[in-house]
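Please read the points below alongside the model. They are arranged by topic.

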Amino acid sequence: MHESLSIRVTTYALLAIFVFLVAVPLFWMVATALKSNKDLYEDFSYLPTRPTLQHFVRVITREDLLTNIRNSFVVATTTTAVTVVVSAFAAFSIVRYRYWGREWVGRLILFKYLLPTAMLFIPLYTIVVAMGLGNTLKSLMLTYLSFTVPFCTWMLMGYFRSIPPELEEHAMVDGCSKIGALFRILFPLSAPGIVASAIFSFTLAWNEFLLALVFTSDHTTMTIPIKLSMMVVGDQYIWGQLMAGAVLASVPIAILYFLAQRFVVQGLAAGAVKG
Amino acid sequence: MAIRHRSVAVALPTSARPTRWPSVRTRESLGGMALLAPTLLLLLGLVLYPFCYAIWLAFSDKTVGSPGQYVGLRNFIYVLSWPQFSAAVTNTIVFTVCAVAIKFVLGMAVALVLNQRIRARNFFRAFLLLPWVMPAFVVYLVWRWLYDPLAGLINYALLDIGVIASPIAFLSDRSTAMGSVVVAHAWRNFPFYAISFLAGMQTISQELYDSAQVDGASRIRQFRHITLPGLYHIIGVVLLLTTIQTANAFEPIYLLTGGGPSDATMVYTMLVYVMGIMNLRLGEAAAVSTLFLPLLVGLVLGVTMLLQKKANA
């Protein structure tokens with residue numbers, strides 16, 4: 001009985017520490033965004049004493065952050081739409097068809113899923129410049145596919161494997177074509193996996209930093225991560241606006257995550273971790 | 001006789017089969033390949049070609065706008081003689097080892113706590129996952145602000161409770177820069193370890209713990225002899241996977257220190273960026289990443305084998 005009590009105390013004490021460690025930076029981001037510059041740099045206080053939205057207004061009017069948010073949004077949705085279609089077909093092909101070289105494609109996809117962008121950004125940069133796509137959003141939409149497609153294909157392969165092929169075989173006996181079985185049986189049954197892969201693809205594209213930093217150089221073509229990182233070096237007293245921008249950049253991802261937490265955990269369990 | 005005729009009649013479709021059967025197979029192959037074609041094109045154009053091109057670049061004197069010429073090992077000789085390169089090797093190793101160790105310990109501790117019967121477990125699980133859900137660039141901007149020597153929270157709180165007498169320049173002091181970057185990176189990434197380990201722990205049968213309890217095994221013994229062995233596979237995959245990701249981390253360095261002060265946090269990805277994009281020396285930049293390639297391929301093959309072993313089992 002004593003041991004179990006001491007374990008309960010330790011558990012809750014550790015939990016409190018972890019919650020504190022996670023909460024402080026998040027709290028500080030929001031608190032900074034809501035403080036006035038006077039509260040930030042002159043009269044220091046832990047809580048925003050006179051909460052104000054002025055940093056949000058300034059970051060939108062002076063820094064034109066909505067343009068960058070729109071850029072991020074356009075790139076992430078385009079990438080996601082293409083990724084989901086392309087990788088669902090690829091995963092279906094690898095899992096349900098029999099042909100030579102199938103295993104090698106599976107291996108290549110896994111290899112790319114593991115190969116970091118840091119290895120590829122120099123040649124991708126020269127390719128993008130050679131194609132005349134330098135400093136365009138198109139360059140991002142195109143190159144982001146190089147990591148979203150392998151990731152989502154790998155995830156969906158795991159998901160499709162978990163669904164017994166007999167269901168599609170029955171449909172095909174009843175006169176459905178293989179592609180018809182894909183749309184009528186496999187896709188509806190793997191809806192959680194497909195939603196999860198779309199969310200991951202959107203998140204990966206929204207958060208991508210290195211390629212966007214290398215490819216775009218203009219305030220009108222920058223995605224939000226690059227714009228915010230450029231603001232850091234600009235002004236000493238920019239932190240209120242920067243944290244307001246950081247909050248705005250996190251909101252879409254936070255909403256997606258909480259709407260679809262169940263799908264994400266399921267999809268991750270089926271695809272990425274278990275393999 | 002009649003039986004014979006019938007057997008022939010039955011045999012007829014079978015003898016016709018060899019002509020029809022391959023066509024069904026071919027159709028199946030073609031269908032499969034058609035579905036795969038877009039992905040294959042993407043992989044060839046955006047992964048395999050750049051990958052090979054990067055290796056060619058390392059042996060050339062290409063700059064943006066001019067076609068390069070083969071220059072043999074010149075880039076490699078130049079890079080290897082550069083003090084910045086050896087700093088990058090050391091820093092990449094230090095950063096990777098420290099960050100992975102902290103994330104592992106923290107992730108395991110969080111997983112163990114979340115695996116207990118606690119109130120509002122789902123809420124706490126979702127909450128402790130937040131750093132990993134947040135965009136990485138947001139996290140590192142927030143930490144840069146937390147570390148700020150003039151108005152940052154950490155300095156203010158430490159001064160407030162009297163731990164330090166004067167502000168610490170966490171990110172611009174050689175002695176604290178690397179540690180500060182590692183902490184920020186670990187904060188953002190430990191939840192991945194936690195959820196992976198937690199998922200693994202939940203597949204371990206409760207009966208094992210119950211019978212260990214009956215035998216009077218302490219919690220620590222239960223952890224060593226039941227929990228850890230049950231997690232071996234997941235630990236292996238997570239460690240290899242995240243070692244690759246950590247060794248290639250770019251954002252924490254770029255957003256927190258930019259590789260400074262005086263190369264104290266210059267990791268190899270930052271060096272490739274500085275050389276290739278800021279100084280436009282594509283050949284040398286490609287040579288740096290090519291030199292790190294064998295290590296990376298080794299790690300990647302390790303994960304591939306581990307994951308496929310599991311998939312086949």
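1. In this predicted model, the centres of domain 1 and domain 2 of chain B, taken over C-alpha atoms, are separated by 44 Å. Domain 1 of chain B covers 1-58 and domain 2 of chain B covers 74-312; such bounds come from an automatic or database domain assignment. The contact between the two takes 4 residues from domain 1 of chain B and 7 residues from domain 2 of chain B. Two residues are in contact if their C-beta atoms, placed from the backbone, lie within 7 Å. On the side of domain 1 of chain B that touches domain 2 of chain B there are 4 nonpolar, no polar and no charged residues. For these classes, Ala, Val, Leu, Ile, Met, Phe, Trp, Tyr, Cys and Pro count as nonpolar, Asp, Glu, Lys and Arg as charged, and the others, Gly among them, as polar.

2. Two conventions apply throughout: residues are numbered from 1 along each chain as its sequence is written, and chains are lettered from A and ligands numbered from 1 in the order in which they are written. As this is a predicted model, local features need pLDDT of at least 70 and side-chain atom pairs count only at pLDDT 80 or more, while totals for chains, interfaces and linings use all residues.

3. Chain A is also divided, into domain 1 (2-49) and domain 2 (57-273). The C-alpha centres of domain 1 of chain A and domain 2 of chain A lie 32 Å apart. Their contact takes 8 residues from domain 1 of chain A and 7 residues from domain 2 of chain A. On the domain 1 side, α1 (2-34) and α2 (37-41) of chain A each supply at least two residues, and α1(A) gives the most, with 4 residues. Helices here are DSSP runs (H or I, at least four residues), as are strands (E, at least two), numbered from the N terminus. By class, that side of domain 1 of chain A has 5 nonpolar, 2 polar and 1 charged residues.

4. Within chain B, helix α8 (residues 174-201) packs on helix α10 (residues 219-247) at an angle of about 150°, with their axes 9 Å apart. Axes are lines fitted to C-alpha atoms, for helices over the stretch in contact, and angles run from 0 to 180 degrees between N-to-C directions. The angle makes α8(B) roughly antiparallel to α10(B) (under 35 degrees counts as roughly parallel, over 145 as roughly antiparallel, 65 to 115 as roughly perpendicular and the rest as oblique). The crossing of α8(B) and α10(B) is right-handed; a crossing is right-handed if the near helix is turned clockwise from the far one by less than a right angle, and left-handed if anticlockwise. Residues making the contact include Phe192(B), Tyr193(B) and Phe197(B) of α8(B) and Leu231(B), Ile234(B) and Val238(B) of α10(B). By class, the contact has 7 nonpolar, 5 polar and no charged residues.

5. In chain A, helix α10 (residues 191-207) and helix α13 (residues 239-259) pack at an angle of about 165°, with their axes 11 Å apart. That makes α10(A) roughly antiparallel to α13(A), and the crossing of α10(A) and α13(A) is left-handed. Ile199(A), Phe202(A), Thr203(A) and Trp206(A) in α10(A) meet Pro252(A), Ile253(A) and Leu256(A) in α13(A). This contact has 6 nonpolar, 1 polar and no charged residues.

6. Leu256(A) counts as partly exposed because it has 18 C-beta neighbours inside 10 Å. A residue is buried if 20 or more other C-beta atoms lie within 10 Å of its own, exposed if 12 or fewer, and partly exposed in between, with C-beta atoms placed from the backbone. Leaving aside its neighbours within four places in sequence, Leu256(A) is in contact with Ile199(A), Phe202(A) and Thr203(A).

7. Backbone check: phi of Ala120(B) is near 50°, a positive value in a residue other than glycine. Ala120(B) is found in the loop between α3 (83-114) and α4 (121-128) of chain B. Phi of Ser262(B) is near 40°, also a positive value in a residue other than glycine.
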